[in-house]
Amino acid sequence: MTLAFAFLNTQRLVHLSTVDLVIIVFYFVLVLAIGFYLKERANTGEDFFMAGREMTAWIAGLSFLSANLGSLELMGWAGASYQYGILATHWYWIGAIPAMLFLALVMMPFYYISKTHSVPGYLKLRFGESSRALSSVCFAFMTVLMSGINMYSMALVLKIILGWNINVSIWVSSLTVAIYVTLGGLRSAIFNEVLQFILIWAGALLIPILGLIEAGGWSGLKARIAVNASAEYTHMWSTMGHFKDNPMGIHWTGIVFGLAAVISTGYWTTDFLVVQRVLAAKDLRAAKMAPIIGAAFKMFVPFIVILPGLLGLALLPMKLMPEAQAVATGGHSYNEVLPLMLARYCGPGLLGLGITALIAGFMSGMAGNVSAFTTVWTYDIYRALIKKDSSDRHYVNMGRWSTLGGVIISIGTAYLVIHFKSIMDYVQALFSFFIAPLFATVILGMLWKRASPAGGFWGLLAGTGSSVGMWAWVKMDPTALRYVALSPYARDMAENMYRALWSCLICAFVTVAVSLVTTPKPEAELKGLVYGATDIPSETYVSMFHRPWFWAVVVGTIFVVLNIIFW
Amino acid sequence: MKSGGSISIWFFIGISLLVNGLLIFGSGIYELFHIPKNPVVLFNLHASIWWGAILALLGAGYCIYFTPGKGRG
């Protein structure tokens with residue numbers, strides 16, 4: 001989120017031609033046309049909130065990935081790769097692939113067979129209303145705030161890259177999202193996310209292709225980076241033996257146990273923003289294949305994110321710098337590496353497509369937040385706590401109104417952030433408080449029949465509370481970092497990793513302890529929700545090439561090979 | 001996947017790629033005869049022309065294959 005600051009006080013990076021503007025306007029027209037076209041297919045609750053549960057594995061898988069592929073992330077991680085080298089790839093490989101495969105093979109059957117409409121909805125079925133209320137209120141609040149922050153960041157990026165008015169950017173993009181999600185519901189959001197995914201690749205793929213040509217291939221790139229920075233910038237694991245040995249200040253245990261085992265698994269398996277896309281799949285096999293397809297594409301996202309950052313390090317004539325220094329000197333910050341590379345290679349037309357890719361990334365993230373908020377608000381808060389017995393039509397109308405409401409709150413948040421920029425860091429931290437403990441609650445609920453409703457609720461509360469407590473402890477006393485992150489040399493990212501790990505373990509410990517002294521649900525009520533009490537349909541009737549396990553092994557093997565190649 | 005009657009999402013994607021590809025291709029051809037004062041790096045490779053052509057061909061293929069009413073998607 002510090003990306004936003006990076007663009008303050010810098011000059012416009014690129015100038016658009018007429019053909020660039022035509023490409024951008026065409027994109028807006030097309031996404032609105034899709035929304036209007038799909039309006040007739042969003043009349044029932046199942047249609048509006050779950051896209052009719054008829055998505056193929058490919059659509060659900062690409063949408064699953066696209067909802068996460070926001071431009072802020074693309075630009076931020078390109079900047080991180082300029083700053084930290086290929087280490088940033090960990091957030092795309094070990095920080096995503098194992099979690100996605102775990103979701104597909106282990107967790108998806110329970111989500112799908114339970115026919116839940118949301119992750120808080122699963123908690124209601126498994127642990128009861130109190131756990132759902134806690135998770136849904138936290139999720140709805142954070143989601144809509146995150147949407148506003150993304151909106152603000154997009155407007156700021158467009159202002160700095162293109163010189164566009166910040167108010168116009170906020171209102172045009174948010175109203176466009178509001179229109180197409182209000183009209184077509186989740187189906188419209190998913191359709192547009194798939195379109196946006198294709199545009200992101202079409203707009204960004206040229207940078208690494210041309211960059212590698214200019215650098216003289218991968219070996220030429222490594223040689224230039226060894227001169228401009230250090231040869232260690234192109235190794236993923238060999239420098240992670242000690243906190244001091246790599247620019248991220250992180251140890252391999254933080255990456256493996258904090259990032260991969262907790263943060264990433266928590267995000268990809270319990271954040272409803274992404275899980276909602278898979279729940280819309282047409283059958284269980286499609287629901288299991290969707291995250292595997294998403295994982296296959298996720299493995300190659302570093303090609304359009306990390307590689308441009310490395311190419312910038314090797315080829316750009318100027319030295320990029322931290323945000324504060326860039327603001328003070330009028331130079332370019334790390335986070336500007338992607339637009340700088342875009343401007344380096346892309347002439348009229350290509351530049352418009354590249355900018356469209358960035359806008360598409362922002363809008364897919366915003367639409368993902370808004371559609372997830374709408375479902376959780378309508379089903380898990382409004383219907384559960386405010387108006388229980390109303391018609392399906394009433395809830396669809398509430399869904400449409402809450403979409404507009406969510407966008408308006410997001411716009412309000414965007415303007416709030418303009419005046420109080422530190423809010424962004426706090427909201428990000430708040431969001432992270434919740435995901436790691438939620439993962440422990442959900443996974444224990446799915447795999448352990450003895451986990452009781454009281455155990456689920458108190459574990460979630462204790463995990464979230466302890467995460468907030470550790471964060472506040474380090475804020476008040478920075479020397480506490482040696483305890484939270486196990487080393488005084490640890491940096492922000494390492495702190496996040498370890499805080500997530502501890503809060504997840506505390507949640508699991510409290511859940512187990514409370515469950516052992518309280519009454520569990522009868523086994524009959526756990527059918528379809530828990531391992532050992534659920535009949536999972538056999539896949540023996542399909543050929544090997546149609547089985548999720550087969551493709552998970554293929555993706556997992558490629559993942560291992562890539563890590564060895566770039567060790 | 002079909003929706004809203006008979007139009008596949010891939011048809012919409014085809015239209016997007018086709019239109020963008022044609023615009024980029026046309027822009028590349030224009031630049032071939034009107035060389036800009038400050039050309040981009042590797043201008044000699046004329047990326048706009050071949051990338052635009054690839055996108056347009058891909059888009060045309062999708063549009064034809066997923067034309068509404070063909071029952072594909």
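Arg53(A) is buried, because 20 other C-beta atoms lie within 10 Å; a residue counts as buried if 20 or more other C-beta atoms lie within 10 Å of its own, as exposed if 12 or fewer do, and as partly exposed in between, with C-beta atoms placed from the backbone. The structure is a predicted model, in which local features need pLDDT of at least 70, side-chain atom pairs count only at pLDDT 80 or more, and totals for chains, interfaces and linings use all residues. Residues are numbered from 1 along each chain as its sequence is written, while chains are lettered from A and ligands numbered from 1 in the order in which they are written.

Arg53(A) is found in the loop between helix 3 (45-50) and helix 4 (57-66) of chain A; helices (H or I, at least four residues) and strands (E, at least two) are DSSP runs, numbered from the N terminus. Although not a glycine, Arg53(A) has a positive phi of about 45 degrees. Most residues other than glycine have a negative phi. Lys115(A), also not a glycine, has a positive phi of about 60 degrees. Lys115(A) is placed in the loop between helix 6 (97-113) and helix 7 of chain A and counts as partly exposed, because 13 C-beta neighbours lie inside 10 Å. Helix 7 (residues 119-127) of chain A is mostly covered, with eight of its nine residues buried; among them are Tyr122(A), Lys124(A), Arg126(A) and Phe127(A). Just after helix 7 of chain A, Gly128(A) takes a positive phi of about 110 degrees.

The largest nonpolar core comprises 216 residues, of which Ala60(A), Val194(A) and Ala290(A) touch the most other members. Such a core is a set of buried Ala, Val, Leu, Ile, Met, Phe, Trp, Tyr and Cys residues joined through C-beta atoms within 7 Å. Helix 8 (residues 129-162) of chain A gives the most to this core, with 19 residues. Not counting residues up to four places away in sequence, Val194(A) touches Ile59(A), Leu62(A), Ser63(A) and Ser66(A), together with Ile9(B) and Ile13(B).

Between the chains, 32 residues of chain A are in contact with 25 residues of chain B, a contact requiring that the C-beta atoms of two residues, placed from the backbone, lie within 7 Å. Helix 2 (18-37), helix 9 (166-204), helix 10 (206-215), helix 17 (337-345) and helix 18 (350-386) of chain A each supply at least two residues of the side that touches chain B. The residues of this side of chain A divide into 24 nonpolar, three polar and five charged; Ala, Val, Leu, Ile, Met, Phe, Trp, Tyr, Cys and Pro count as nonpolar, Asp, Glu, Lys and Arg as charged, and the others, Gly among them, as polar. The predictor gives the complex an ipTM of 0.92 and a pTM of 0.87.

Chain B contains two helices and two strands, in the order β-β-α-α along the sequence. Of its 73 residues, 40% are buried. Among contacts in chain B with a separation of 6 or more, 79% are between residues 24 or more positions apart. Chain B averages a pLDDT of 87, and 88% of the residues score at least 70; pLDDT is the predictor's confidence in each residue, from 0 to 100.
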